[in-house]
Structure formats: C-alpha cells, structure tokens
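I opened this model to look up a few local features. My notes follow in the order I made them.

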Amino acid sequence: MAGQSDPHQSLFSAEEVEFIAEDEMVEIIPNLRMDALNFICGDFGPFFPQIATQVPLWLAVALKKRGKCTIRPPQWMSVEKLTQVLEAERDSQRMFEQLPFHYIEISRLLFDHARDDIPDVYMVRSLIEDIRDVRFHKVETNLETLTERAFALKINNLSAMEVNIVRPFVGRALQAFYKHDSLELIPDQERVSDRRPQVANNATRRHLRR
Amino acid sequence: MAKFYDMDDIITDEEVVSVVFEKAACGVGIDPSSETDSVEVGSKVELPFWLAHELHLRQAVSMNVPTCFDQKTKLEIQADSACVDLRSRCPFFYEFGCKIAPLVGVRTIGPLLLSAFKSRYKEVLTKAHTAAFSAASKHLTILTKEETNLYEAAQSSMTAFKRWRMGGPRFQRASVLGRKRKSTN
C-alpha cells in the first residue's frame, strides 16, 4: 500500500480494493482431479471433476486461467435478480439496495476472466453498469444534504468501490464544514437551537473480513 | 503548530490587511508613501497579515476589515454565491477569513463564510465527480484554493476508478529494469 496510495488523500487505489475483493468465496466446478492445496490462508480441495467447490476468487481466477475449472456465477448475478435490484434502486430516492460489498470488483473480475461462464453476459454487464450509475447518482444527492451541523454522515448499504471514490471528497468537505462552524467564528445567539442527531459514519469503515 | 510547515498557511499569511496605528513607530520604513521613516498615530497602512497580527498582539495597531470581506462582496455572496469569483478577490478566502474573524471587531465574517461555503459546496459537488474537463474549466477559475482541493480530490479518485475499469495490465514492469535482461554469467 505504501507505494501506490496517495497518503495525503487516505485513498485506497482501485487495484487495492480489487485485491481485497478477491478474498470473496465463489463456487467453481473443476474439470480434473487434484489433491488438496495447502496455503497459508487455508486448505482448499481436494478437487474432483464436476463436483462444485468453494474457493476464494483469486484461486478461482488462477485455475480458470489454466483451464482447470469453470466458475459458477454467484447467486446475485442473474438477470432476474439484477433487474429486481435495478427497479428497486430507481424507485427509492434515499435507500440503497442490499448488494454484496464488493459487487463491482467481483463482476469485473468475472467479466474479464470467466466471460463464457456467465449466461447472458451482455445483459448482466449492462444491468450492473446501470445499477452503478443509479447508485452513484443517489450518493451525490445524499451528499447535498450536508450542512453545517453535520459532523458525520451515514449511508447504508454502500459498496466498497463507491465508498472508495467518495472518501477523499467527503472527508475534506466534512473537515471544511467543521472548521467554518467553530465557536469563535459564529456568535452564540445566531446558532440554531435544535440540532439533528448525528450517527456514526458506517459507510467509510472498511471491513477487511466479514 | 501543525500548520507551521503548511505552505498554504504561509501564503495565507501574506494577504494584505489595512491597519490603523495606535502608537507611533519610529525608524521603520513600512509606509513607502510617507516622507519620514516613522509612522504616526492614526495613520492607515497596508501590512501583510503576519506583521499586522504581531502588532495587534502588542496592541500597537487596530485592524480594519480587509477589502475581500467588505460590503460589496457580502452583497454579491448573498445574491448568488455560486458565481462570485472568489479567486480574484482572495484565493485563500476561507482560511484568511478564519484568521481575521477573531481579530476584527465585526462579527459577521463567520456566518458570511459559512453561508458562502454552503451554497458553493453544492455547486462543487454536482460538478466534481462527473463533469468533463471542458465543461468545468470555467467554473474552476472562480474557486478558492480550498474548494479546488475538494474538487481535485473527487476528480482524481474518479479518474483512477475509470482507469481501473478500463482494464489493462495489472502489473507494470518497472522502468529501471530496462527492456531486456541478460544473465551476467
């Protein structure tokens, strides 16, 4: 992380977020027989032909590149589910739909390496792009509600990549608002007496392991 | 003290403030337009902020409101703050205002800063992440340094994301390695 990220912006680069996303488990169907693989993070296998196994995404992509398996796309990545999610996203103004935390990274990795394993790949791809656009637009709309009383911001169900994009901007904006709202600048009688309750900023807390 | 080495802070301190001298000062050539080397009581001089601040602490001067916070600017900001060209007035509008506000007698600078920032923030937000470079360049010229920071933070993270999405090689060969490597034995 030291080489890639910009320390002043406290930003993970997109590649780093993808790297963390590769720890998610997916199901693969091997097409040969292999003994158990022993890694530092755990043991996977043994692999039998046509028997589905759960492995991390990085291992699945590596096996796929060597032609040793086919990857089964995750449950949420079917056309019906994604269409449902897209409809729900378009309907509600402030709520975000429940999607896997790393859905952008997982979908991109699968499109790059396992394109033939996904049914209706073009449809799925365009649906995910639409979902991403709608969600990001909603994030921007929510950010407009930041006022001088906001010390923290809570947005539910935001995914890792979306959080990573807005992180420097939101951090600096909140800092600027806090600075301008300090006590010595504004006399007491001009303050509004009612304060909206503030909640912790869950959106930018990164979960490395769930 | 965290701001001691901050470049923006140092440049902010260079902003000019007009002060009125309460005590006479001898042997200083501050005022270039006067004939003698000394400054009399009640004379109005333009000084950089760092000097005016020190003299204010010694109660040798009293500070007036700088030109960038005067009535004309205030009216413009209240009318339509998103279009006011703050950079030509003072590129460090907000930082300078935060420093000046406790020192000058007028108590309206704080709320003015806050309201200006609030409404301009919305403008910055809508353009920050998504606008193409050509569309935003006109808007960029009127932002202060602080707002430009915000804007650039959002822009850079967005371009990094787009670049990642395009794909491309994940590992790049370091340039110091050269094009071909030959074993040396």
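The model is predicted.

**Entry 1: B:Glu15**

Is B:Glu15 buried or exposed? I read a relative accessibility of 18%, so B:Glu15 counts as buried. I then checked where B:Glu15 sits. I found B:Glu15 in the loop between helix 1 (7-12) and strand 1 (16-21) of chain B. What touches B:Glu15, leaving aside its neighbours within four places in sequence? I listed B:Leu47, B:Pro48, B:Phe49, B:Cys90, B:Pro91, B:Phe92 and B:Phe96.

**Entry 2: the sheet of chain B**

I moved on to the strands. In chain B I traced an open sheet of 3 strands, in the order 2-1-3, with antiparallel pairing. The edge strands are strand 2 (44-48) and strand 3 (61-63) of chain B, and each of them pairs on one side only. On average, neighbouring strands of this sheet are turned by 45° against each other, direction ignored.

I looked at one pairing in detail. Strand 1 and strand 2 of chain B run antiparallel and are joined by 5 bridges. B:Val16 has B:Pro48 of strand 2 of chain B opposite. B:Pro48 was also on my contact list for B:Glu15.

Which residues of strand 2 of chain B lie on the covered face, and which on the uncovered one? B:Val45 and B:Leu47 make up the covered face. B:Lys44, B:Glu46 and B:Pro48 make up the uncovered face. I recalled the general rule here: in a regular strand the side chains alternate between the two faces of the sheet.

I also noted a helix over these strands. Helix 2 (residues 49-57) of chain B lies across strand 1, strand 2 and strand 3 of chain B. Helix 2 of chain B runs at about 115° to strand 2 of chain B.

**Entry 3: chain A, overall**

I counted elements next. Chain A has 6 helices and 5 strands. From the N terminus on, I read the elements of chain A as α-β-β-β-β-α-β-α-α-α-α. Of the 210 residues in chain A, 46% are buried. The accessible surface of chain A comes to about 11600 Å², and carbon and sulfur atoms hold 53% of that. For contacts in chain A between residues at least 6 apart in sequence, I noted that 69% join residues at least 24 apart.

**Entry 4: the sheet of chain A**

In chain A I traced an open sheet of 3 strands with the order 4-1-5 and antiparallel pairing. Strand 4 (53-56) and strand 5 (69-72) of chain A are the edge strands, each pairing on one side only. Neighbouring strands of this sheet are turned by 45° against each other on average, direction ignored. How many bridges join strand 1 (residues 25-30) of chain A to strand 5 of chain A? I found 4, and the two strands run antiparallel. A:Ile28 stands opposite A:Ile71 in strand 5 of chain A.

**Entry 5: helix 2 and helix 4 of chain A**

I checked how helix 2 (residues 57-65) and helix 4 (residues 103-113) of chain A are set. Their axes come within 11 Å and cross at roughly 10°. Helix 2 of chain A is therefore roughly parallel to helix 4 of chain A. Helix 2 of chain A brings A:Leu57, A:Val61, A:Lys64 and A:Lys65 to the contact, and helix 4 of chain A brings A:Ile106, A:Leu109, A:Leu110 and A:His113. I sorted the residues of this contact into 5 nonpolar, 1 polar and 2 charged.

Which residues of helix 2 of chain A are buried? I listed A:Leu57, A:Leu59, A:Ala60, A:Val61, A:Leu63 and A:Lys64.

**Entry 6: a helix pair between the chains**

Helix 1 (residues 14-21) of chain A packs with helix 8 (residues 145-166) of chain B at an angle of about 55°, their axes 9 Å apart. That makes helix 1 of chain A oblique to helix 8 of chain B. A:Ala14, A:Glu15 and A:Glu18 of helix 1 of chain A meet B:Ala160, B:Phe161 and B:Trp164 of helix 8 of chain B. By class I get 4 nonpolar, no polar and 2 charged residues in this contact.

**Entry 7: A:Gln175**

A:Gln175 is exposed, with a relative accessible area of 57%.

Key: Residues are numbered from 1 along each chain as its sequence is written. Chains are lettered from A and ligands numbered from 1 in the order in which they are written. This is a predicted model: local features need pLDDT of at least 70, side-chain atom pairs count only at pLDDT 80 or more; totals for chains, interfaces and linings use all residues. Side-chain values use heavy atoms; hydrogens and water are left out. Axes are lines fitted to C-alpha atoms, for helices over the stretch in contact, and angles run from 0 to 180 degrees between N-to-C directions. Angles under 35 degrees count as roughly parallel, over 145 as roughly antiparallel, 65 to 115 as roughly perpendicular and the rest as oblique. Contact means heavy atoms within 4.5 Å. Ala, Val, Leu, Ile, Met, Phe, Trp, Tyr, Cys and Pro count as nonpolar, Asp, Glu, Lys and Arg as charged, and the others, Gly among them, as polar. Buried means under 20% relative accessible area, exposed over 50%, partly exposed in between (1.4 Å probe, protein chains only). Accessible areas come from the Shrake-Rupley method with a 1.4 Å probe; for residues, only the protein chains shown count as cover. Two strands pair if DSSP finds at least two bridges between them.
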